[in-house]
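This briefing covers selected features of one model, grouped by topic. Please read it alongside the sequence and coordinates.

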Amino acid sequence: CAGALGRRWACAAASALFYFSALKFMTLALSNAALQMLHAWGENTRARSYVHRPTTAAGLQAVFALAQRTGLSIALRGAGQSYGDAALNSEQIVVCLAQMNRITHWSPANGVVELEPGVTLAQLWRHCIGDGWWPPVVSGTMFTSVGGCAAMNIHGKNNWQTGNFAQHILEFTAVLPAGNIVRCSATENSDLFHAIPGSFGMLGCITALRLQLKRIRTGLVSVSALAAPNLRTMLQLLDEHKSSSDYVVGWIDAAAGGAGLGRGQVHAATYYAPPFAAAHAQSLQLQHQDLPARIFGVFPAHYAWLGLRLANNAPTLRLVNALKYLSARLQHGRTYLQSLAAFNFLLDYVPDWKRAYRPGGLVQHQSFIAKENALAAYQQLLQACQDARLLPTLAVLKRHKPDSQYAVSYCPDGYSLALDFSAHARTRHRLATLLAQLDQIVVASQGKFYFAKDSALHPAAARASLGAAALRNLTVLKQRCDPENLLQSNLSRRLLPELHAPE
């Protein structure tokens, strides 16, 4: 009896030693990834996470294995450009892919590029433009990563024409949470080829992509500036010019009411054909694409955010918007030349412009509504902002076409309206109330939302945006690709908690 008792004690001691050794190993592994404070790009929220920075697919697999051992979840982060909490994971693991940033193959003959997910759009266009190629879809900033562009299936100012980012992916390789590597194309794992892009990092992590770039003959666009006295005319101008333009975007004076509700300016851009071959070659050189270091040739761009900060109040916003619209009226019909980088990456003119929104940060509300419902819905959105006395600091309209071939779809045959707000502490409660009201208007109009920009959406609105069938399909894919539910983020738990519910 004494011998049996001794064996039991020895077995218990060995088990305890194994348990504490394993715990020590896991703690050491986590401590090697410093617990860091990460911010949303809009600086409206933040979270502490264990940050890992793999440089290879094998390194990423090791992090997934660590998550399985420790019971922690993983969020994926590219360049950290999401406005809200899509790349945050409180007290859990965040995999930052910024160091997987190699362009592994480039073919100037056919415009096919192979690259890792941490490559930014800035790296990509700088690498290829001299050979006469340009990314077919870009965001408003060049500092997003191509992995992030794919994960969110981003759109640009030419969406009605070229579609979303994923439509130009020829194939990609991804690591699934179980550690297995899959290659996806239109003919191989085609269901995942249309599911992982746009799934906001919930199904797997892309580790390599093959992209088809767009052939260009010039680095310049000819831009026509057109004033619109109201929202109806704004939408009409977007439609009229989309057939003859390569890019179209609208700015709205969100402070104007009454008969001028939704007034603003449309910019329609078309690739410019220089009269001389030398001018064509010159426009493709990097020095002719770099954004100016000084605003109006005088003020250093690096400090321009200070001016934006001074203007970040209702009286000044009304004045600035009124002056901008007056300028639009005076410029109506004017045509001018602009570089591709200058036209597409307007947000990069003022480096670190988000600092103008400190300390509360920036919140954007972006909605996508079909053309038959857009006018009434957007009139309601703009009027609601004015009634709440919370003016957007920026309001931007774009034209879109459907992206229904993807598991997570958000673009209709219609328009999007992006509204930027300052999240001041003194108005945060009122802003939350307004945003909820805006969401209800969008849902009632059968509209959709874009998770890369979201900071405040509620689960009911997110479900309504996706639709029951798409949500069921996404849940099935989640259970198939990530049965242990390793991939999570603050955004996914906030918006779609059912994705993480046990079967």
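**Helix 12 and its surroundings**

Helix 12 and helix 13 (residues 428-444) have axes that come within 10 Å and cross at roughly 170°. The two helices are therefore roughly antiparallel to each other, as angles over 145 degrees count as such. The model is a predicted one.

Helix-helix contact

- On the helix 12 side, the contact involves Ala377, Gln380, Leu381, Ala384 and Cys385.
- These meet Leu434, Gln437, Leu438, Ile441 and Val442 in helix 13.
- By residue type, the contact of helix 12 with helix 13 comprises eight nonpolar, two polar and no charged residues.

Helix 12 against the sheet

- Helix 12 lies across strand 13, strand 18 (362-370), strand 19 and strand 20 (414-422).
- Relative to strand 18, helix 12 runs at about 150°.

- Eight strands form an open sheet in the order 17-12-14-13-19-20-18-21, and the pairing is antiparallel.
- Strand 17 (335-339) and strand 21 (448-449) are the edge strands, each pairing on one side only.

Strand 13

- Strand 13 (residues 247-252) is largely enclosed by the rest of the structure, because six of its six residues are buried.
- In a regular strand, side chains alternate between the two faces of the sheet.
- Both faces of strand 13 are covered, with Tyr247, Val249 and Trp251 buried on one side and Val248, Gly250 and Ile252 buried on the other.
- Strand 13 runs antiparallel to strand 14 (residues 264-271), and six bridges join the two.
- Ile252 has Gly264 as its bridge partner in strand 14.
- Strand 13 is also antiparallel to strand 19 (residues 394-399), to which it is joined by two bridges.
- In strand 19, Val396 is the bridge partner of Trp251, and Leu397 is the bridge partner of Gly250.

Nonpolar cores

- The largest nonpolar core has 113 residues, and those with the most contacts inside it are Trp134, Phe200, Leu397 and Leu496.
- Helix 12 (residues 371-387) supplies the largest share of this core, eight residues.
- Leaving aside residues up to four places away in sequence, Leu496 touches Phe200, Phe451, Ala462, Arg463, Leu466, Leu471, Leu474 and Leu491.

Technical notes. Residues numbered from 1 in each chain as written. Predicted model: local features only at pLDDT ≥ 70, side-chain atom pairs only at ≥ 80, totals over all residues. Heavy atoms only, no water. Buried < 20%, exposed > 50% of the residue type's maximum accessible area, 1.4 Å probe, protein only. Helix = DSSP H or I, 4+ residues; strand = E, 2+ residues; numbered from the N terminus. Pairing = 2+ DSSP bridges. Core = buried A, V, L, I, M, F, W, Y, C linked by side-chain atoms within 4.5 Å. Contact = heavy atoms within 4.5 Å. Axes fitted to C-alpha atoms, helices over the stretch in contact; angles between N-to-C directions. Parallel < 35°, antiparallel > 145°, perpendicular 65-115°, else oblique. Nonpolar A, V, L, I, M, F, W, Y, C, P; charged D, E, K, R; others polar.
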